[in-house]
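Okay, thanks for coming, everyone.

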Amino acid sequence: MDEEMRDAPRELPPPPVFRAPKSISRPKPPVQQEEELGAEPKLGDFDDVHALSVSEARAVITAVHAARKKKDPASNPLGGDRVHNDSQTINQFIEYLENFSRFKQSENLHALSGLLDSHYEISSVEKAMLGSLACDSADEAKTLIPSLATKMTDDALQTMLDEMTKLQDRFG
C-alpha cells in the first residue's frame, strides 16, 4: 500500500485566490451637479464662492507675498528651513498674474469693482470673467459668457464694457 501511495499522483493544493485589499481611503461622494458655464452657469460646489478676476487675484497674491517677505523665516509655519515665499512656482505665478492683469493700479481696480457691483443681475463668476477677458463688444462678451445674454441688453453691456476699457491700464 505504501508503494501504491508513492506511485499515485499527488493532489495539488488549489491555486491561491487573489483578493483585493480593503479600501484604505474613504470613497468620494458622487458629484451632485455638473459644472458648466453655459446659458445658465452651473458651478457645483463653487456656486456660492466669490470669484476673483486675474487683476483681483494679482492684488491679493502680491499683498500676501510682500507681507510674507517681511516676516522672519523662523516664524514660518512650515518650518524655518523652508522658504515657501521665494519658490520658483510662486514667482512664476506672480509673473503670470502681472502679464495678464488688466487693472494693475488699485484705484482702477476699485473703480472696476464698483462698476461691476452696480450691476446686481451679474453673478460673481460673470463679473470675474468680464474683468479678466476685456471684451471689446457686447457680442463678444455674450459669446464668451453665454449667461449674460439673458441678463443684460446689448446697449447696457456695451456701455459697461466701454467704461471698463477706460479704466484699463495701458502700458504700450
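Quick housekeeping. This is a predicted model, where local features need pLDDT of at least 70 and side-chain atom pairs count only at pLDDT 80 or more, while totals for chains, interfaces and linings use all residues. Residues are numbered from 1 along each chain as its sequence is written, and side-chain values use heavy atoms, with hydrogens and water left out.

Now the chain as a whole. Buried residues (under 20% relative accessible area, with exposed being over 50% and partly exposed in between, using a 1.4 Å probe and protein chains only) make up 27% of the 172 residues. A contact means heavy atoms within 4.5 Å. Of the contacts with a separation of 6 or more, 57% join residues 24 or more positions apart.

Let's go to α7, residues 154-167. Its 14 residues reach 20 Å from first C-alpha to last, close to the 20 Å expected at 1.5 Å a residue; that expected span is 1.5 Å times one less than the number of residues. Which residues of α7 are buried? They are Leu157, Met160, Leu161, Met164 and Leu167. Looking down the axis, these buried residues fall within an arc of 110 degrees, so they line one face of α7. The arc, by the way, is that of the directions from the helix axis to the C-beta atoms. As a reminder, an α-helix has 3.6 residues a turn, so residues three or four places apart point the same way. On the other side of α7, Asp155 and Lys166 are exposed. The cover over the buried residues of α7 includes α4 (106-117), α5 (124-133) and α6 (138-144).

α4 can be told in a similar way. In α4, Asn108, Leu109, Leu112, Leu115 and Leu116 are buried. They cover an arc of only 125 degrees around the axis, which puts them on the same side of α4. Glu107 and His110 are exposed, on the face turned away from that buried side. The buried residues of α4 pack against α2 (54-70), α5 and α7.

So how do α4 and α7 meet? Their axes, which are lines fitted to C-alpha atoms over the stretch in contact, with angles from 0 to 180 degrees between N-to-C directions, come within 10 Å and cross at roughly 170 degrees. That makes α4 roughly antiparallel to α7, a label used for angles over 145 degrees, where under 35 is roughly parallel, 65 to 115 roughly perpendicular and the rest oblique. On the α4 side, the contact involves Asn108, Ala111, Leu112, Leu115 and Leu116, and α7 brings Met160, Glu163, Met164 and Leu167.

Of its 20 residues, Leu130, Leu157, Met160 and Met164 touch the most other members. α4, α5, α6 and α7 each supply at least two residues, and α7 gives the most, with five. Leaving out residues up to four places away in sequence, Leu130 touches Leu116, Ile122, Ala141, Ile145, Leu148, Met160, Leu161 and Met164.

How values were computed
Helix = DSSP H or I, 4+ residues; strand = E, 2+ residues; numbered from the N terminus. Core = buried A, V, L, I, M, F, W, Y, C linked by side-chain atoms within 4.5 Å.
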